[in-house]
Amino acid sequence: MTTATRTPAPPRPEATVAGPSLARLTAVELRKLTDTRAGRWLLITIGLIAAAIVVVQLFVVDAPDQTFSAFFTPSLLPVGLLLPVLGILSITGEWSQRTALTTFALVPRRERVIVAKLAAVVLAALASVLVSLAVAAVGTLAARATGGAGTWTFDWQLLPHAAVFQVASVLMGAAFGLLLLNTPLAIVTYFLLPTVWSLLAAMIEGLRAPARWLDTSYTMEPLLGAEVTGGQWARLGVSLAVWVLLPLAAGLFRTMRREVS
């Protein structure tokens with residue numbers, strides 16, 4: 001009696017495990033913004049400052065001027081000053097908390113992690129605009145209840161300008177964080193370098209013309225209004241290319257090549 005021989009089954013191809021999607025990475029980075037004590041309190045502070053600006057206006061602004069636009073616009077600038085710090089912390093936190101090794105081990109393609117971090121801070125910046133709208137609405141209702149104008153006058157062109165203002169601010173902070181990869185150094189450099197540039201432009205006549213194209217305190221100011229001309233958009237684009245795109249490109253190159261330990 002002969003025994004039938006079995007033909008060995010062909011080896012199974014190894015299953016490829018798909019990496020996390022960009023949307024999932026972005027959700028993870030959004031959660032990281034609130035996981036740390038510094039990030040959580042910074043977000044709370046941003047909301048409290050927006051609310052405090054509205055409360056102050058109820059007492060110091062004349063009743064006829066207590067409108068929705070009057071409550072909304074002043075809250076943009078102080079919030080825009082804090083958002084870059086959030087952008088810096090989102091990038092440098094991986095290195096200061098020594099989680100970069102774990103993060104890049106789970107997601108070896110570092111550029112995907114960086115894109116997710118940038119997307120997360122952009123969403124946070126857009127959320128800050130919604131917070132400003134909400135507190136402005138509350139301020140308008142409070143003004144109407146206390147004898148102020150309380151009118152809902154609002155130029156809707158201001159809304160996309162406000163979004164660009166806050167997104168540009170947070171991306172500028174993230175760019176400095178990505179370039180320097182050190183929280184204190186990035187924060188000090190972010191606030192000090194543009195200030196020094198503004199002072200030099202004010203003191204040296206030859207720098208005044210370039211400052212109109214490179215000084216973000218000047219080029220971003222029109223975004224706080226409803227009308228922005230073509231020339232102002234051009235100057236804004238040049239200044240953001242210098243202060244956002246260049247540091248982002250250099251920082252990405254450095255992060256891709258830096259050894260993680």
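1. Let's start with charge. The 19 positive and 13 negative charges of the protein chain have mean positions 15 Å apart. Keep in mind while reading that this is a predicted model.

2. Now the overall build. Along the principal axes, its C-alpha atoms fill a box of roughly 110 × 50 × 35 Å.

3. On to surface and packing. Of the 261 residues in the protein chain, 40% count as buried. The accessible surface comes to about 14600 Å², and carbon and sulfur atoms make up 68% of that. Looking at contacts with a separation of 6 or more, 76% are between residues 24 or more positions apart.

4. Thr255 has a relative accessible area of 1%, so it counts as buried. What does Thr255 touch, leaving aside its neighbours within four places in sequence? The contacts are Trp95, Phe104, Arg110, Ile114, Leu178 and Leu181.

5. Next, the salt bridges: the structure holds 5 of them. In one, Lys117 pairs with Glu29, and the closest N and O atoms are 2.9 Å apart. Lys117 lies in helix H5 (residues 110-145) and Glu29 in helix H1 (residues 22-35), so this pair ties together parts that are 88 residues apart in sequence. Are these two partners buried or exposed? Lys117 is buried at 4% relative accessibility, and Glu29 is buried as well, at 6%.

6. Lys117 also meets Glu94 in a salt bridge, at 2.9 Å from N to O. Glu94 lies in helix H3 (residues 68-96) and Lys117 in helix H5, so here the parts tied together are 23 residues apart in sequence. Glu94 is buried, and so is Lys117. Through shared partners, salt bridges join Glu29, Lys32, Glu94 and Lys117 into one network.

7. One more pair to look at: Arg109 forms a salt bridge with Glu111, with 3.1 Å between the closest N and O atoms. Glu111 counts as partly exposed, at 26% relative accessibility.

Definitions and conventions:
Residues numbered from 1 in each chain as written. Predicted model: local features only at pLDDT ≥ 70, side-chain atom pairs only at ≥ 80, totals over all residues. Heavy atoms only, no water. Buried < 20%, exposed > 50% of the residue type's maximum accessible area, 1.4 Å probe, protein only. Contact = heavy atoms within 4.5 Å. Areas by Shrake-Rupley, 256 points an atom, 1.4 Å probe, with all protein chains shown as cover. Lys, Arg positive; Asp, Glu negative; His and termini not counted. Charge placed at Lys NZ, Arg CZ, Asp CG, Glu CD. Salt bridge = Lys/Arg side-chain N within 4 Å of Asp/Glu carboxyl O. Helix = DSSP H or I, 4+ residues; strand = E, 2+ residues; numbered from the N terminus.
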